[in-house]
Amino acid sequence: MNITKEQVLEALKNVEDPDLKKDLVTLGMIKDLEVTGKNVDFTVVLTTPACPMKEMIHKACVNAVLHFIDEEAIVNVKMSSNVTARKNSGPMLPNVKNIIGVASGKGGVGKSTVASNLALALVKQGASVGLVDADIYGPSQTIMFDVMDAKPMSKEIDGVSKMIPIESFGVKLLSIGFFVDTSQALVWRGPMASKAVVQLFQEAHWGELDYMIIDLPPGTGDIHLTLVGAVPLNGVVIVSTPQFVALADAKKGVGMFQLPSINVPVLGIVENMSYFSPPDEPEKRYYIFGKDGAKKLAEELEVPLLGEIPLVQSICESGDSGNPAVLQDNTPQAIAYMEMARKVAQQVSIQNAKEPIVKVADVKW
């Protein structure tokens, strides 16, 4: 007996998106369903190309048809994606679906390295990504992307002159480092620095992006308050090392974003320099800065642990040479960054389902 489309849809109602807690049919994720005899073809449209559950969902769809309809069915499932977006309540960056801040309570924990590799990992998984280097007093993304000598051009868009971001490894990038002498200290008062950062968003033509990553300065200060009051952030990723002093400052960073007047979702914590494995003994792990510090903090704050990035010499070398570590396929550090990006994208999709509208913070101080 031939299989019908109605039977397939009924069977797929038994496959639930593990993050959104609803079945794929109800969520409208089943597209292009075609049935010919025992041949069943359809596409599953995920909420992000970096979905960590992609293989599991694919297998569950095939099994649902075989189990509930016909074990001799020939099931061809294509996996696609359409990145979800929260509705932007303001005029800033209307064509950017999701804006993610990368922050830390203190400097020296590898926040910029995490930000650059997060952006690249999302690109490697099929997303369109932009990166804003908002670390105004210590911009480093021009070095990490090997574009120190590049100069953004301007173009007239709808009668207004706009900066065109520099593209490197598929990431659109803007940094204050493009416009100042990097050999000189940037001696600006808070209002001037804050204005310069906002211009990187307001006066640039970013086009359509699935994700924009913002490399925030360390600490909690003027730049952070300016950004949350001007840019509609979907959420923020907090970077720390396992060391107690770094975790204490990371906790303060989380606290700032969770203030009622700011109220930016904390997507989770990334533990950088988590452990060291000798190149000749990769199965061994040495916890130089302590063990499970970020994991325990994430549990305490009830936020996800997004990744544990190993302490590897090549991460430093690759950042300095403008060839970020995530590009080194199949290495432990590249695998860790790719997994981190999938978890970040997962949390963004969950937040988008919970809160359909993203607002700028009402900061008056």
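## The largest pocket

In this predicted model, strand β10 (160-164) and helix α5 (190-202) each supply at least two residues to the lining of the largest pocket, where helices (H or I, at least four residues) and strands (E, at least two) are DSSP runs numbered from the N terminus. A pocket here is an open set of points, on a 1 Å grid over the protein atoms alone, with protein on both sides within 12 Å along at least five of seven lines, and lining residues have an atom within 4 Å of a point. The lining comprises 16 residues, of which L93, P94, K162, Q202 and A204 lie nearest the centre of the pocket.

About 350 Å³ of space lies in this largest pocket, a volume being the space filled by probe spheres set on grid points that are joined across faces, edges and corners. By class, its lining divides into 10 nonpolar, 4 polar and 2 charged residues; Ala, Val, Leu, Ile, Met, Phe, Trp, Tyr, Cys and Pro count as nonpolar, Asp, Glu, Lys and Arg as charged, and the others, Gly among them, as polar.

## The annotated binding site

An unreviewed UniProt entry places the feature "binding site" at G105, K106, G107, G108, V109, G110, K111 and S112, although such annotations may be inferred rather than shown by experiment. K106 is found in the loop between β7 (96-103) and α3 (111-124), and K106 counts as partly exposed because its relative accessibility is 27%, with buried meaning under 20% relative accessible area, exposed over 50%, and partly exposed in between (1.4 Å probe, protein chains only). Leaving aside neighbours within four places in sequence, K106 is in contact (heavy atoms within 4.5 Å) with P218, G219, V245, A246 and D249.

S112, by contrast, has its place in helix α3 and counts as buried, because its relative accessibility is 10%. With neighbours within four places in sequence again left aside, S112 is in contact with D135, S140, Q141, M144 and D215.

## Basis of the model

Residues are numbered from 1 along each chain as its sequence is written, and side-chain values use heavy atoms, with hydrogens and water left out. Local features need pLDDT of at least 70 and side-chain atom pairs count only at pLDDT 80 or more, whereas totals for chains, interfaces and linings use all residues.

Technical notes
On a 1 Å grid over the protein atoms alone, a cavity is a set of points where a 1.4 Å probe fits but cannot get out, and a pocket is an open set with protein on both sides within 12 Å along at least five of seven lines; lining residues have an atom within 4 Å of a point.
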